[in-house]
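Please examine the structure shown below together with its sequence. The paragraphs that follow lead through it, from loop residues to the sheet and then to the helices.

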Amino acid sequence: MKNNALVVGVSGIAGSNLVKELITQGWGVYGLARNPKVAIEGVTPVAADLLDKEGLTIVLQDIELTHVFFTTWMRKETEAENIIVNATLVRNLLDVLSPKKTVKHVALVTGLKHYLGPFESYVKSGVLPITPVREEHPRLALENFYYAQEDEVYVAANRDGFTWSVHRPHTLIGHAVGNLMNMGITLAVLASICKEEGLPLVWPGSEAQWNGLSDVTDARILAKQLVWAATTESAFNQAFNVTNGDVFRWKQLWEELANYFQIPFEGYKDQIRPLEPILAQKSDVWQTIVAKNGLQPIALKQLVSAWHTDADLGRPIEVVTDMSKSRKLGFTAYKTTKDSFIELFEQLRAERLIP
């Protein structure tokens, strides 16, 4: 049977880059989302609400799948609510697919909050992990919807006999409009506004992040690891960190990003200067930029996710990720982080999303 993949969250950063990789490798690809806007040749869109189990059953009843890649989540006000809704998303899908008995492998994308704790806790609770973070680190004694999603996969795997993999990227850098966690586009829009107003690109985060080591994950590297783990027997039933493979300091990269936009920059100065309240006041400026440069008429709030960028760059510790586990098993894909950002900026310019 040909490999037929269901990519859940096809419109997001992880999902949209994954379908391109799967198509390149000759897979049959179905892309599921509530509104699957993905203009990629070779993807069959599947419009479904994962919270509507009956509707999900109907839309999937005639689709034969061998692999499931789960790359989406829903954000609620509290982590307790996040746990309920995000566990339900995974459980409903795997319950619906269970009677078919055709799924061979399920891959789940989570992230480094597995080690850092949920958004509402990891900066404030004082629970700080030892870095670099490694897959064998135990779960934190905190509520975390990633743990709940993993547990749903484990239960279904024991019931249905498929293999699984869990993938923990750091901050994802890639193209997707309207994504909940999109640092790359957020910084590109911020820099474009700074250039329009004649202002420097001001570092919004903590001193620890400014001076410390960091890494990020190009969405294309994540896509390659997802396919690798789904097709490599030695990688079955394991969790893997995934980053570009290099490390950097923001105090170096920040200057390089500012140079790309040909604007000055400011580094850390005494306190965190978060983006969310700043960008909340820039909708009119963005509309001016859109009109002046003939950009796609997309509202500022649909492009940026300042809350997430603030959360990542405001961490009180440096965060680096150990990639040894997958490297030892043969996963060798690599990307230079500066290239991840610059290639994204070039794509955004080509698509008239930034000037």
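**Backbone, sheet and helix packing**

Asp270 is found in the loop between β13 (265–266) and α10 (276–279); helices (H or I, at least four residues) and strands (E, at least two) are DSSP runs, numbered from the N terminus. The model is a predicted one, in which local features need pLDDT of at least 70 and side-chain atom pairs count only at pLDDT 80 or more, while totals for chains, interfaces and linings use all residues. Residues are numbered from 1 along each chain as its sequence is written, and side-chain values use heavy atoms, with hydrogens and water left out.

Most residues other than glycine have a negative phi, and most peptide bonds are trans. Asp270, which is not a glycine, has a positive phi near 75°. With 38% relative accessibility Asn237 counts as partly exposed, whereas Asp270, at 74%, counts as exposed; buried means under 20% relative accessible area, exposed over 50%, and partly exposed in between (1.4 Å probe, protein chains only). Asn237 also has a positive phi, of about 60°, although it is not a glycine, and lies in the loop between α8 (219–231) and β11. The peptide bond from Thr131 to Pro132 is cis, with omega near 5°, and Pro132 belongs to the loop between α4 (113–116) and α5.

The sheet comes next. Seven strands form an open sheet with parallel pairing, in the order β3-β2-β1-β4-β5-β6-β11; two strands pair if DSSP finds at least two bridges between them. Because β3 (43–47) and β11 (238–242) stand at the edges with a single partner strand each, one side of each has no neighbour in the sheet. From one strand to the next, the twist averages 20°.

Within this order, β4 is joined to β1 by four bridges and to β5 by four bridges. Leu6 stands opposite Val68 in β4, and Phe70 has Leu108 in β5 as its bridge partner. Leu108 also stands opposite Val166 in β6, where β5 (residues 105–109) and β6 (residues 163–169) pair in the parallel sense over five bridges. From β4, His67 and Phe69 point one way and Val68 and Phe70 the other way, and all are buried.

Helices pack against this sheet. Helix α2 (residues 53–60) lies across β1 (4–8), β2 (28–33) and β3, running at about 150° to β3; axes are lines fitted to C-alpha atoms, for helices over the stretch in contact, and angles run from 0 to 180 degrees between N-to-C directions. Helix α5 (residues 145–160) touches β4 (67–70), β5 and β6, and its direction makes about 165° with that of β6; contact means heavy atoms within 4.5 Å. The buried residues of α5 include Phe145, Tyr146, Tyr147, Val153 and Asp160, and their cover includes β4, α3 (79–97), β5, α4 and β6.

Val189, Ser192, Ile193, Glu196 and Glu197 in α6 meet Val285, Trp286, Thr288, Ile289 and Lys292 in α11.
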